[in-house]
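Please work through each task before reading its solution.

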Amino acid sequence: MVRWTLLHAALRAWVIQCWWRSMQAKMLEQRRRLALRLYTCQEWAVVKVQAQVRMWQAHRRFLQVYQAAWIIQSHWRWHASQTRGLIQGRYEVRASQLELDIEILMT
């Protein structure tokens, strides 16, 4: 009877220990998954912030280039409109010589 009681007590202790170890493993796995989820969220947040900053920098650079092109084009158009039709010339071909007379008008 004593041996039977000790055997059942040992079996019950063994069952409790197995249950406790499985619970510890589950809790450890839950902590690991939570830590992984938090790490993943932080990494995605960092990636999104980096993407936004890079997009902002690219947009700013595009606007700088666009503005520079606009300034160059506007100056070129002004120059072209100021010099359009103002160069007048006359030329004559003589026997062996070319005489060229160009008059430039500036207004």
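**Exercise 1.** Does Leu7 count as buried, partly exposed or exposed, and at what relative accessibility?

Solution. The model is predicted: local features need pLDDT of at least 70, side-chain atom pairs count only at pLDDT 80 or more, and totals for chains, interfaces and linings use all residues. Residues are numbered from 1 along each chain as its sequence is written, and side-chain values use heavy atoms, with hydrogens and water left out. Buried means under 20% relative accessible area, exposed over 50%, and partly exposed in between (1.4 Å probe, protein chains only). Leu7 has 48% relative accessibility, so Leu7 counts as partly exposed.

**Exercise 2.** Identify the aromatic pairs and classify their geometry.

Solution. Rings of Phe, Tyr and Trp (its six-membered ring) pair if their centres lie within 6.5 Å; planes under 30 degrees apart count as stacked, over 60 as edge-to-face and the rest as tilted. Trp19 and Trp20 are 6.2 Å apart centre to centre with 45° between the planes, a tilted pair. Phe62 and Tyr66 make a stacked pair, at 6.1 Å centre to centre and 25° between the planes.

**Exercise 3.** How exposed are Phe62, Tyr66 and Trp20?

Solution. Both Phe62 and Tyr66 are exposed. Trp20, at 44% relative accessibility, is partly exposed.

**Exercise 4.** Which residues does the "signal peptide" annotation cover?

Solution. In the unreviewed UniProt entry, this annotation covers residues 1-25; positions follow the numbering used here, feature names are shortened, and annotations may be inferred rather than shown by experiment.
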